[in-house]
Amino acid sequence: RIDSLGSLGERLFVRSRLGILNREDAEGLLRHRLAAAGCGRTLFSPSALDALHRASGGVPRSLIQLADLTLLMGASEGQAQVEEPMVQSAVSDWRGL
């Protein structure tokens, strides 16, 4: 697919493809992204992580989009940690996009 984009494909040095993630790997991906952003604490409750994994089907791009939307919603509401009800709300908004 990248090859069909001409010179963009030539500029990319590293290409990778993530498959469907299990629950543990999904949590690891989100922890890694948060750590890379400088966050040293847990922002998702275990039930929120379960809900994110379920709703995304383990698809990395969907997982990241949902997690980002959920974090944005949580921050706007002043929440210190994301819980499952907030994920459900984000899922409803995300599916409506």
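Arg-23 and Glu-27 sit 4 residues apart in helix 2, so about one helical turn separates them. The two form a salt bridge, with their closest N and O atoms 2.7 Å apart; the term salt bridge here means a side-chain nitrogen of Lys or Arg within 4 Å of a carboxyl oxygen of Asp or Glu. Please keep in mind that this is a predicted model, in which local features need pLDDT of at least 70 and side-chain atom pairs count only at pLDDT 80 or more, while totals for chains, interfaces and linings use all residues. Residues are numbered from 1 along each chain as its sequence is written, and side-chain values use heavy atoms, with hydrogens and water left out. Helices (H or I, at least four residues) are DSSP runs, numbered from the N terminus.

**Salt bridges**

- The structure holds 4 salt bridges, and the pair Arg-23 and Glu-27 is one of them.
- Side chains of opposite charge can pair when their charged atoms come close.
- Arg-23 also meets Asp-50 in a salt bridge, at 2.6 Å from N to O.
- Because Arg-23 belongs to helix 2 and Asp-50 to helix 3, this pair ties together parts that lie 27 residues apart in sequence.
- Glu-27 has a salt bridge to Arg-31 as well, at 2.7 Å from N to O.
- Both Glu-27 and Arg-31 are in helix 2, with 4 residues, or about one turn of the helix, between their positions.
- Through shared partners, the salt bridges join Arg-23, Glu-27, Arg-31 and Asp-50 into one network.

**Accessibility in the network**

- Arg-23 is partly exposed, with 24% relative accessibility; on this scale buried means under 20% relative accessible area, exposed over 50%, and partly exposed in between (1.4 Å probe, protein chains only).
- Asp-50 counts as partly exposed at 34%, and Arg-31 does so at 42%.

**Around Ser-45**

- Ser-45 is found in the loop that runs between helix 2 (23–36) and helix 3 (46–56).
- With a relative accessible area of 4%, Ser-45 is buried.
- The Ser-45 side chain makes a polar contact with the side chain of Glu-83 at 3.1 Å; a polar contact is a pair of N or O atoms within 3.5 Å, and within protein one must be able to donate a hydrogen and the other to accept it, with residues adjacent in sequence counting only if both atoms are side-chain atoms.
- Setting aside neighbours within four places in sequence, Ser-45 is in contact (heavy atoms within 4.5 Å) with Gln-81, Val-82, Glu-83 and Glu-84.

Definitions and conventions: Helix = DSSP H or I, 4+ residues; strand = E, 2+ residues; numbered from the N terminus.
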